[in-house]
Amino acid sequence: NTEDNIKFIDAGISQSPVWANYQIINNAKKANAELDSDNRYYIDTILEGLTYDLEPTGNPDLCHYDSASMIKLGRLFAQTLIEGAIIEQA
């Protein structure tokens, strides 16, 4: 079955005031990952401390994570890939 070989990684959205229902959305993402923990993964960005309101100074983009948080998120995706054995380690 091809579906058994497809892996999904999803990350939470921030608690920015722009996203009024972020908790509902993140809970749904987490619940989806828990349906099939061998093939679905969820990164809890709030628990990981990702920020959205620090830059640019004076006029932050509240819809996206800050650049340092985006780098951390990339590392979290890579860590999930390696720890979830989604990719083979060299």
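1. Buried residues, meaning those under 20% relative accessible area with a 1.4 Å probe and protein chains only (exposed is over 50%, partly exposed in between), make up 23% of the 90 residues in the chain. This is a predicted model, in which local features need pLDDT of at least 70 and side-chain atom pairs count only at pLDDT 80 or more, while totals for chains, interfaces and linings use all residues. Residues are numbered from 1 along each chain as its sequence is written, and side-chain values use heavy atoms, with hydrogens and water left out.

2. The secondary structure comes to two helices and two strands, in the order β-α-β-α along the sequence; these elements are DSSP runs numbered from the N terminus, helices being H or I of at least four residues and strands E of at least two. Strands β1 (residues 8-11) and β2 (residues 40-43) run parallel and are joined by four bridges, where pairing requires that DSSP finds at least two bridges between the strands. The chain passes from β1 through helix α1 (residues 22-35) to β2 in a right-handed β-α-β crossover, that is, with the strands pointing away from the viewer, the path from the first strand over the helix to the second runs clockwise.

3. For helix α2 (residues 67-83), the 17 residues at 1.5 Å a residue should span 24 Å, and the end C-alpha atoms are 24 Å apart, which agrees; the expected span is 1.5 Å times one less than the number of residues. In α2, Ser69, Leu73, Leu76 and Thr80 are buried. They cover an arc of only 55° around the axis and therefore lie on the same side of α2, the arc being that of the directions from the helix axis to the C-beta atoms. The face turned away from this buried side carries the exposed residues Ala68 and Arg75.

4. Which residues form the largest nonpolar core? The seven are Ala11, Ile43, Leu50, Tyr52, Tyr65, Leu73 and Leu76, where such a core is a set of buried Ala, Val, Leu, Ile, Met, Phe, Trp, Tyr and Cys residues joined through side-chain atoms within 4.5 Å. Leu50 touches, among others, Tyr65, Leu73 and Leu76, a contact meaning heavy atoms within 4.5 Å.

5. Two loop positions deserve a look. Ile13, in the loop between β1 and α1, is 37 residues from Leu50 in sequence and 9.6 Å from Leu50 in space, C-alpha to C-alpha. Pro56, in the loop between β2 and α2, is joined to Glu55 by a cis peptide bond with omega of about -10°.

Terms used:
Lists of a residue's contacts leave out its neighbours within four places in sequence.
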